[in-house]
Amino acid sequence: MTSVRRASLVAAAAACLLAAAASAQKAPPDYPALLRTIDSQLVFDEGDLSAEVTVTAAKLGGGTSTNVAAVFRRDWVDQLLIVLLEPAADRGKGYLKKGDNLWLYDPADRSFAFTSAKEKFQNSTARNSDFARSSLERDYTVTGESAAKLGKFDCRVLDLAARSDSVSFQRKRIWISADNLPRMEEDYSVSGTLLRTVAMPTYLKVGAKFVPARTIIVDNLKSKKVGGKTVYEQTTIDIAKASVVKLPDSTYSKEYLERIGK
Amino acid sequence: MNFKVPLRNVLLQRRRYYFLGAAIAFGFMVVTLFGGATAGLVESMKEKASRYFSGHVDVRSYRAAGLMATDMAPVEALLRASGLGLRSVARRTIVYEGTSNVYFGGGAVPQRRVVGVDFSAEGERFAAMPYAAGNASGMAAGGGILISQDCASALGATIGDDVTLLHQMAGGGAIDTATLRVRGIFKESSIFGYVAYASIGDVNALLGIEDAHATDLAVYLGDASGADAAAEGVRKALGARYRTFGPIASREDLDAQIAAGIGFDQIFAVLSVDAQMSQFSQLLGAIGIVTWAALGVFAAIVAVGISNSYRMIVNERMRELGTMRAMGMTKGGLRGMFVFEAFVVASAGAALGLAAGVGALAILGAFDLSWIPGSGLFLDDGRLRYAFDGPGALRAYAAMAAVAIFAAAGPAFRASRVPPVRALRGE
């Protein structure tokens with residue numbers, strides 16, 4: 001082999017090595033795309049999600065309240081209908097959400113009260129917005145990432161900052177499992193106080209999408225020591241009978257709530 | 001006229017005048033009691049209201065979006081230089097909108113409002129607030145919170161405990177929190193109860209407002225009774241440099257002016273404590289009207305009683321009157337003597353009634369009346385604060401004296417017309 005040919009081979013080999021090294025260096029993660037992917041797993045683009053939810057609120061004083069409700073969700077136009085089935089005293093009460101507007105219906109006096117999606121649901125730790133569609137990409141940007149093991153899940157831990165002050169929790173930390181499903185999130189105030197912790201250990205596959213089979217919401221501001229251990233007020237949301245069907249448009253209307261309330 | 005004769009007659013005839021004097025004394029006691037109690041209720045309510053509503057005169061800053069925190073330093077300087085005789089001016093940041101809760105021990109208590117106070121300027125106002133525990137000293141340094149007794153009781157919180165104050169912006173917006181130490185637990189109920197006071201720096205930080213900014217200026221006067229006039233003076237002084245709303249008679253009036261349109265530029269609202277409390281002032285006014293109507297009826301009864309009593313007195317003293325007429329006393333002199341006797345009896349009765357009324361107020365003020373529903377609005381630490389209404393007492397005295405004189409004048413006139421001979425015969 002001539003020296004020129006040898007030099008050419010060495011140069012070519014060096015070039016290959018450099019190219020390999022460059023490709024091995026990771027491109028910055030596309031966080032908006034990641035958040036979009038997470039949302040897309042949870043948002044029903046077509047059809048209506050129907051499910052029965054059981055909301056169990058455990059108070060620190062020892063009492064427990066249970067509400068059973070039918071939930072109907074049409075994500076692509078951001079509409080939501082919740083009709084309470086139990087307890088009997090609240091049967092027929094409902095929530096209707098259309099975009100940013102949320103009404104609470106009381107069949108006792110057949111009245112609609114304008115409320116907020118960010119208000120608490122039936123005096124529990126859950127908020128009305130917890131039943132609505134996921135909107136991580138719309139509301140947040142990613143400010144940091146780390147890795148952690150959460151139970152059996154290897155998770156990416158994303159730190160999120162709200163895009164505007166219209167979002168209740170200005171800072172979040174979410175644990176995303178390898179299947180791009182949120183398994184846990186911590187919600188923080190502006191000043192960094194942990195307000196609540198939400199765990200979603202299991203999911204139901206409904207059609208091509210997912211809904212948390214169980215959601216546990218812990219109010220980190222409401223706690224007390226019991227036997228040397230800190231106990232928090234928490235709410236559990238269990239979903240059953242989930243399905244995706246096309247419902248009539250009239251389902252998401254005040255008239256429908258009034259009809260059911262009768 | 002010889003005043004010694006009627007004065008001597010009153011002393012000599014005191015047994016006849018006992019009932020009359022007692023009736024007048026009782027009436028004056030009732031007037032003093034009601035007047036003093038009402039004046040005390042108003043004074044107590046205004047003091048609480050001035051603490052709660054931001055001074056005797058509240059200056060608020062608005063812009064198109066609504067209430068707006070702004071740099072109040074130039075406004076403060078303008079008011080201090082205005083020559084209006086304002087006792088003090090202090091910045092406040094008041095959380096009017098959104099939801100605020102105090103968290104502790106696993107519980108949460110919603111607050112009707114959270115008030116950021118410049119304790120270096122308003123410290124003495126809050127030192128005078130009745131406390132179940134702790135006090136306001138140390139609040140100027142920040143990091144502390146004053147909560148009501150009801151709130152502390154619901155949370156199980158006490159002095160030195162660190163509580164979490166949470167605020168969520170109106171419309172379900174951003175949530176922020178602050179950890180503050182309980183420095184004072186004040187005894188306040190009714191609408192003045194579900195409020196928390198913290199330093200203005202802490203509240204500004206909670207709301208994301210610049211440190212030097214404020215939503216309100218709390219203006220205090222030497223005499224709260226001139227709040228309406230002072231508010232108009234402040235409004236005119238501000239109007240020389242800033243946009244202001246028109247005169248505001250009540251909070252409903254302010255709402256109506258806001259609804260009519262604020263415009264984009266900054267505009268100030270000036271409310272007196274009377275305007276803030278207009279609904280309660282109306283209630284007190286109604287109570288006052290009913291009270292004075294009842295007193296009017298009572299005065300009429302007293303007048304009839306006095307008139308009848310004097311008729312009896314005149315009849316019983318007919319011979320005496322005849323003797324005086326026979327000795328040269330004129331008809332006018334006789335009438336004047338009776339009227340002056342009535343005036344002396346009324347004055348003595350009023351003096352006794354005043355003393356009895358003040359005594360009754362002191363006794364009433366010693367009892368804890370907080371068990372009366374809704375009384376927290378008007379009471380001072382559960383007790384009635386009474387005030388001596390000097391002008392009111394003078395008016396009542398003048399009225400009572402006039403009633404007595406008027407009631408005595410009729411019989412005196414008729415007695416003066418009886419011929420001396422008939423009078424001597426006792427007819």
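Start with helices α3(B) and α7(B): their crossing is right-handed. This is a predicted model.

**Stop 1: the helix pair in chain B**

Select residues 73-80 of chain B for α3 and residues 227-239 of chain B for α7. The two helices pack with their axes 10 Å apart, at an angle of about 120°.

Now show the side chains where they touch. From α3(B), pick Val75(B), Leu78(B) and Leu79(B). From α7(B), pick Val234(B), Ala237(B) and Leu238(B). Colour the contact by class: 6 residues are nonpolar, none is polar and none is charged.

**Stop 2: chain A as a whole**

Switch to chain A and show the cartoon. It has 4 helices and 13 strands. Chain A has 262 residues, and 43% of them count as buried. Chain A exposes about 13,400 Å², with 54% of that supplied by carbon and sulfur atoms. Among contacts in chain A with a separation of 6 or more, 45% are between residues 24 or more positions apart.

**Stop 3: Gln79(A)**

Select strand β3 of chain A, residues 79-86, and find Gln79(A) in it. Is Gln79(A) buried or exposed? Its relative accessibility is 17%, under the 20% cut-off, so Gln79(A) counts as buried.

Next, display its contacts beyond the neighbours within four places in sequence. Gln79(A) touches Phe72(A), Arg73(A), Arg74(A), Lys97(A), Lys98(A) and Tyr252(A).

Finish with a distance. Pick the C-alpha atoms of Gln79(A) and Arg138(A): they are separated by 17 Å, and the residues lie 59 apart along the chain.

Technical notes
Residues are numbered from 1 along each chain as its sequence is written. Chains are lettered from A and ligands numbered from 1 in the order in which they are written. This is a predicted model: local features need pLDDT of at least 70, side-chain atom pairs count only at pLDDT 80 or more; totals for chains, interfaces and linings use all residues. Side-chain values use heavy atoms; hydrogens and water are left out. Buried means under 20% relative accessible area, exposed over 50%, partly exposed in between (1.4 Å probe, protein chains only). Contact means heavy atoms within 4.5 Å. Accessible areas come from the Shrake-Rupley method with a 1.4 Å probe; for residues, only the protein chains shown count as cover. Axes are lines fitted to C-alpha atoms, for helices over the stretch in contact, and angles run from 0 to 180 degrees between N-to-C directions. A crossing is left-handed if the near helix is turned anticlockwise from the far one by less than a right angle, and right-handed if clockwise. Ala, Val, Leu, Ile, Met, Phe, Trp, Tyr, Cys and Pro count as nonpolar, Asp, Glu, Lys and Arg as charged, and the others, Gly among them, as polar.
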